[in-house]
Amino acid sequence: MRGLTACLVSLTVLACLAATTARAQRPQARQGFWIGFGLGYGEAYATCTACGTASEGGPAGFLKLGGTLSPKVLLGGAVNAWSKSSQGATEILGNVTGSIFYYPALASGFFVTGGVGLSYENLSGVAATSGTGWGLRAGAGYDIRVGRMTSLTPVADFTYGGGLSPGGKTGWKQTVIDFGLGVTFH
């Protein structure tokens, strides 16, 4: 897990160094259809009425796509997922949201994002359960230009889900905080 984090940090630093000249020559371009995806690491917290609170780390990933409303505002959808496998069981927590991405400064790649949608929990293995409920998502990132319409995008995301009752568990709530590195095509 530390190796994955070190690799992501190293790639981000290298991308920043390589993109410095490109950023100075060309401003950020956001227009038309866009898509992005990436991987990272996250910490998941889950709680329910009868089971207390648990937290675990594991790999995380995201997929986002949509259209450009203006050079400062993108509208689309996002899927965030976190996974953990242990002793023959795999747990997946995730959110699927309609999301908005806001860039406060036109020339900068910095953005904040938020969304509302569905959350899900799926446990496969001996004690298989699943559930869906409402979900929220918030985050921030930075598009680092590496090509005319391509950016490396380090991100930090917070996802929350409630109203789930996987396997009949009441009061289920889940939170995932993750950091990742992705590629975005504008």
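In this short talk I will go through the strands, the aromatic residues and one surface patch of a predicted model.

Before the details, a word on conventions: this is a predicted model, in which local features need pLDDT of at least 70 and side-chain atom pairs count only at pLDDT 80 or more, while totals for chains, interfaces and linings use all residues. Residues are numbered from 1 along each chain as its sequence is written, and side-chain values use heavy atoms, with hydrogens and water left out.

Let me start with the overall layout. The chain holds one helix and nine strands, where helices (H or I, at least four residues) and strands (E, at least two) are DSSP runs numbered from the N terminus. Read from the N terminus on, the order of elements is α-β-β-β-β-β-β-β-β-β. Of the 186 residues in the chain, 40% are buried; here buried means under 20% relative accessible area, exposed means over 50%, and partly exposed lies in between, with a 1.4 Å probe and protein chains only.

Next, how the strands pair, for which DSSP has to find at least two bridges between them. Strand 3 and strand 4 run antiparallel and are joined by 14 bridges, and within this pairing Trp 82 has Leu 93 in strand 4 as its bridge partner. Strand 4 is in turn joined to strand 5 by 13 bridges, again running antiparallel, with Asn 95 partnered by Ser 119 in strand 5. Further along, strand 8, residues 150–164, runs antiparallel to strand 9 with 14 bridges, and Phe 158 has Ile 177 as its partner there. Strand 9 also pairs with strand 1, through 13 bridges and in antiparallel fashion.

Which residue of strand 9 is the bridge partner of Ile 35? The partner is Phe 185, which is found in strand 9, residues 172–185, and to which I will return.

Gln 87 counts as exposed because its relative accessible area is 81%.

Phe 33, Phe 37, Leu 63, Leu 65, Val 79, Val 96 and Phe 185 make a nonpolar surface patch of about 590 Å². For a patch, residues need over 30% relative accessible area and no salt bridge, and they are joined within 9 Å for like charges or within 5 Å for nonpolar side chains (Val, Leu, Ile, Met, Phe, Trp, Tyr). The areas come from the Shrake-Rupley method with a 1.4 Å probe, and for residues only the protein chains shown count as cover; a salt bridge is a side-chain nitrogen of Lys or Arg within 4 Å of a carboxyl oxygen of Asp or Glu. Strand 1 (33–48) and strand 2 (52–70) each supply at least two residues of this patch.

Five aromatic pairs are found in a search of the whole structure. Phe 37 and Phe 185 form a tilted one, at 6.3 Å centre to centre and with 40° between the planes. This pair links distant parts of the chain, since Phe 37 is in strand 1 and Phe 185 in strand 9, 148 residues apart. Rings of Phe, Tyr and Trp (its six-membered ring) pair if their centres lie within 6.5 Å, and planes under 30 degrees apart count as stacked, over 60 as edge-to-face and the rest as tilted. Phe 37 counts as partly exposed because its relative accessibility is 42%, and Phe 185 counts as partly exposed because its value is 35%.

Elsewhere, Trp 34, Phe 101, Tyr 103 and Phe 111 form one aromatic cluster. The charged end of Arg 30 sits over the ring of Tyr 103, 3.8 Å from the ring centre, the criterion being NZ of Lys or CZ of Arg within 6 Å of the centre and within 35 degrees of the ring normal.

I will finish with two C-alpha distances. Lys 173, in strand 9, is 128 residues from Tyr 45 in sequence, and their C-alpha atoms are 8.2 Å apart. Val 112, in strand 5 (residues 110–124), has its C-alpha atom 9.6 Å from that of Val 155, 43 residues apart along the chain.
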